[in-house]
Amino acid sequence: MFRGAFSIWGRDLLVLRRSILSELISVVAYPLTLYLAFGFGLRGYITDVEGVPYSLFIAPGLISMTAVNAAFDESAWSMWFHRRVQRTIEEYRVTPVTVYDIVIGKIFSGFSQGAIKGAVVFLVIMLLTPFRIDYSHLPIYLLCIAISSMTFSCVGTICGTVIDKPENIGRMQSVVIVPLIFMAGIFFPLSSYPPAVLPFIKLLPTTAIFEGSRDALLSGFVPGYYLVNLVLSAALCFAIAVFTFNRKMAE
Amino acid sequence: MPHAITLNDITKAYGDFKAVDRFSLEVERGTVFGLLGPNGAGKTTLIKILTTLMRPTLGDAFVEGFSVLAQGKAVRRVIGVVPQENNLDRYLTARENLILHGRLHGMSPSAYNPRIDELLELTGLASRQRDFPDTFSGGMQRRLVVARALVHEPRVLFLDEPTTGLDPQSRRALWEYIRGLRRKMTVFLTTHYMDEADALCDRIMIMDHGVSLADGTAAQLKDAFSRAHVYEVEFRGDSAGHEARLSALPFVRSVVRNGTTFNITLAGEDSIKPLMDHLVGAEIRRICLKEPTLEDVFISLTGEKVRE
């Protein structure tokens, strides 16, 4: 079962292995810059947020952001490239693999990239800054990141499937993905929102991702409604990704 | 002889436009079948239906007895496909491209490794197996795509315009290779090149606008066309006036002028004498019966107008 998915996943990991160093340097640079700029630059102005030191407050979000961004990027660009440029999707489709194999293989790849890149950013922040965690919180945090990466990987797969022009994938990131990430309280507490807006913000899957993973990493506990939101978002996005891919291929 | 491919009244429609219209065909096992047609004739649509990349609007097709509608996975197990474009993975080496294909077919390393060694030797790519396809010439990439389609030893091989864009040497090399596959598997080939169809195919079908126009061996098609009696007449000096006069003759089917030379298609054998009578007094440099080529058959059936 899913032999085709594992073959496609294995291919993507082989390609990643070849370019891992350059990939990691570019991936680590962005969140690390944000961490140094906000964590250190604003240290004199914001000492803590709801009792948590500011540099500690933003670290889980930056790690999670790296992971989900990497998952989205890998799935969206890989799907687009294989479909529109290399046309290797067509080669996969004349072998006995199913549509599920292709979508799941690509989602696994996005998830793996997210996990590897998130872990590296985590290690680099640990190495270069005083950021420390209780390691007993790690399993629940990793669970949050795994489900979140899966969601973003599915969203990336959908974008890579339906978007034909590469610039539109960039626009999708700028107009939808980045605002959703930044609105979810990576750099500020959700309590900053007006009370009328807050319930809607809490419904965003990105809020569940970033708030949930922060709670997981700092307290070892994820509120149930965030966990439900994470699982439902991942399931819904997976169903849409499979449906969209199937439909696109039938065109 | 059992059939490797059967198409039953296949129609593929896009709104009112029919890319393929009630197309039926049976291809015998172990033969090389060539489908010829101009751009937009429906050749690639048929290959996409047969390789399960596209579903027909009406009808069903069978490959090695498996329905493309109901048994797509079983169809894909027994086919190899060489698409029009070289859809190789440029981030994998030549060998890794073949390995991935073997894995997608569920082959184990002990099954695919010797087969890949054999195919790399056969296609002359063994010394370049660790290189990336981007560093290959067009001919080498094409050979690699053919090798990839053969890793799992398919029973039916689909080749969609396999030599388009290749230099003459690479074309000849690929022809040799395809000839070598004859009898080992069924080959379904589409091409624009008449010499290719002539050299490779046991049976040729010419199609246009989604329907079959002619079907037979290259010799049969040429023979059928030769009954049309095409004469090549070359005049001395100014020959402009001859075109209209020749076209007006009741026994002349068509006149194609190329400078001072005219290709005149007559209605039948008994039209030769009246033509000669008409030409008496004209300054003729040369007159000969034109042996038809497969290209003449093709042009006569599909027209000379350039397709988009």
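Modeller: Helix α4 of chain B contains B:P109. Helices here are DSSP runs of H or I with at least four residues, strands are runs of E with at least two, and both are numbered from the N terminus. The model is predicted, so local features need pLDDT of at least 70 and side-chain atom pairs count only at pLDDT 80 or more, while totals for chains, interfaces and linings use all residues. Residues are numbered from 1 along each chain as its sequence is written, and chains are lettered from A and ligands numbered from 1 in the order in which they are written.

B:P109 is exposed, because 11 other C-beta atoms lie within 10 Å. (A residue with 12 or fewer such neighbours is exposed, one with 20 or more is buried, and one in between is partly exposed; C-beta atoms are placed from the backbone.) From B:F66, B:P109 is separated by 43 residues in sequence and by 27 Å in space, C-alpha to C-alpha.

Helix α4(B), residues 109–122, is one of the elements against which the buried residues of α5(B) pack; the others are β6, α3 (94–104), β7 and α6 (168–181) of chain B. Helix α5(B) is largely enclosed by the rest of the structure, because 11 of its 13 residues are buried. Among them are B:M140, B:L144, B:V145 and B:L150, and also the arginines B:R142, B:R143 and B:R148. The end C-alpha atoms of α5(B) are 19 Å apart, which agrees with the 18 Å that its 13 residues should span at 1.5 Å a residue. That expected span is 1.5 Å times one less than the number of residues.

Helix α5(B), residues 138–150, lies across β6 and β7 (156–160) of chain B, and runs at about 165 degrees to β6(B). Angles are taken from 0 to 180 degrees between N-to-C directions, with axes fitted to C-alpha atoms, for helices over the stretch in contact. Contact means that C-beta atoms, placed from the backbone, lie within 7 Å.

Both strands belong to an open sheet of six strands in chain B, ordered β6-β7-β8-β3-β9-β10, with mixed pairing. Its edge strands, each pairing on one side only, are β6 (79–82) and β10 of chain B. Two strands count as paired if DSSP finds at least two bridges between them. With direction ignored, neighbouring strands of the sheet are turned by 15 degrees against each other on average.

One pair is B:M207 with B:S212, and B:D208 stands opposite B:V211. Two residues lie between these strands in the hairpin, where B:H209 takes a positive phi near 50 degrees.

Chain B also touches chain A: 21 residues of chain B are in contact with 17 residues of chain A. On the chain A side, α1 (3–18) and α4 (88–93) are the elements that give two or more residues. Chain A itself has 10 helices and two strands, and buried residues make up 44% of its 251 residues. Along its principal axes, the C-alpha trace of chain A spans about 60 × 40 × 35 Å.

Note on methods: Contact = placed C-beta atoms within 7 Å.
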